[in-house]
Amino acid sequence: MSWIESLLMGLLQGLTEYLPISSSGHLAIASALFGIDAEENLKFTILVHVATVLSTLVILWKEIVWIIRDLFSKQSWKSYSGLNYGTRYAINILISMIPVGIVGICFKDKVEEIFGSGLGIVGMMLLVTAVLLAFSYFAKPRQRENISGWHAFWIGMGQALAVMPGLSRSGTTIATGLLLGNRKESMAQFSFLMVIPPVLGEALLDMEDLIGTGATSADNTSTGILLIGFLAAFAAGCAACKWMISIVRKGRLIWFAVYCALAGALTLILS
């Protein structure tokens, strides 16, 4: 991998992780165009995913501090009905992790097979993303201030389905929440915070596989190229995270639906 490929792939990962256009789908398309084998550049893949998580921590640090503060306050765990807002929020994030955890533990090999099945599946899933975003654009929010535990589970189901390449994680989770009637103001923030534990967990598992199989010696990507990709993904992630929160609040997801429909159709034609 050259430095320019590292820069472009890092920027692409950072932008598409938050914008509802599928980071996995776009990285698969870019890898095919550049002739990059993701398995031979596993260290790079891990680093750019960690970089996007760090960008979330930077942009939403006030919300994260608030959740941690509420978790450790004296009144946090008096009774379920008496839980403070931050503690309920943290529990909802844990609930949302259940479906993707089951998929990761029980169906990891199947998911990896799908990722290696070509760009046809990417094109189809981009079209599905377009449909979800289009439906969510017309969804009517109810007068609900907070995301419920039951809704958190269904949003987590959306995240679990989004392991499919081309099915946007942020697009699927935000669209699911909006279709359930949750407010636009709360959905982008919840979508970005709920992905932090699964992505970090997946990165740790990939790192364990990397060390266990001795692939670190086979991956000869230089430190400089890895650093370029990491910084590019982090900077693009910070910008995209802030931008996406603003976009969801203003209800402009329909433009991403149009983009995903065009990108999906073009991918199917060229695959």
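Analyst: Let's start with a term: on a 1 Å grid over the protein atoms alone, a pocket is an open set of points with protein on both sides within 12 Å along at least five of seven lines, whereas a cavity is a set where a 1.4 Å probe fits but cannot get out; lining residues have an atom within 4 Å of a point. As for the model, it's predicted, so local features need pLDDT of at least 70 and side-chain atom pairs count only at pLDDT 80 or more, while totals for chains, interfaces and linings use all residues. Residues are numbered from 1 along each chain as its sequence is written, and side-chain values use heavy atoms, with hydrogens and water left out.

User: Which residues line the second largest pocket?

Analyst: Leu-57, Ile-64, Ile-67, Ile-68, Leu-71, Ala-90, Ile-93, Leu-94, Leu-193, Ile-196 and Pro-197 do. Two or more of the lining residues come from each of helix 4 (61-71), helix 5 (85-106) and helix 11 (196-212). Helix 4 gives the most, with four residues. The pocket's volume is about 250 Å³, where volume means the space filled by probe spheres set on grid points joined across faces, edges and corners.

User: And how many cavities of 30 Å³ or more are there?

Analyst: The count is two. The largest cavity comes to about 40 Å³, and its lining is Ser-136, Tyr-137, Leu-178, Lys-184, Val-248, Gly-251 and Leu-253.

User: How do you know how far to trust the chain and its elements?

Analyst: Look at pLDDT, the predictor's confidence in each residue, from 0 to 100. The chain's mean is 83, with 87% of its residues at 70 or more.

User: Which residues of helix 2 are buried?

Analyst: Ser-23, Ser-24, Gly-25, His-26, Leu-27, Ala-30 and Ser-31. After helix 2 comes Gly-35, with a positive phi near 70 degrees.

User: What span is expected for helix 3, and what does it reach?

Analyst: The expected span is 1.5 Å times one less than the number of residues. Helix 3 (residues 42-59) has 18 residues and reaches 26 Å from first C-alpha to last, close to the expected 26 Å. Its buried residues include Phe-44, Ile-46 and Val-48.

User: What does Gly-149 touch, and why is it called buried, partly exposed or exposed?

Analyst: Gly-149 lies in helix 8. With a relative accessible area of 22%, Gly-149 counts as partly exposed. Leaving out residues up to four places away in sequence, Gly-149 touches Asn-92 and Ile-95, where contact means heavy atoms within 4.5 Å. Gly-149 and Asn-92 are 57 residues apart in sequence but 5.3 Å apart in space, C-alpha to C-alpha.

Technical notes:
Buried means under 20% relative accessible area, exposed over 50%, partly exposed in between (1.4 Å probe, protein chains only).
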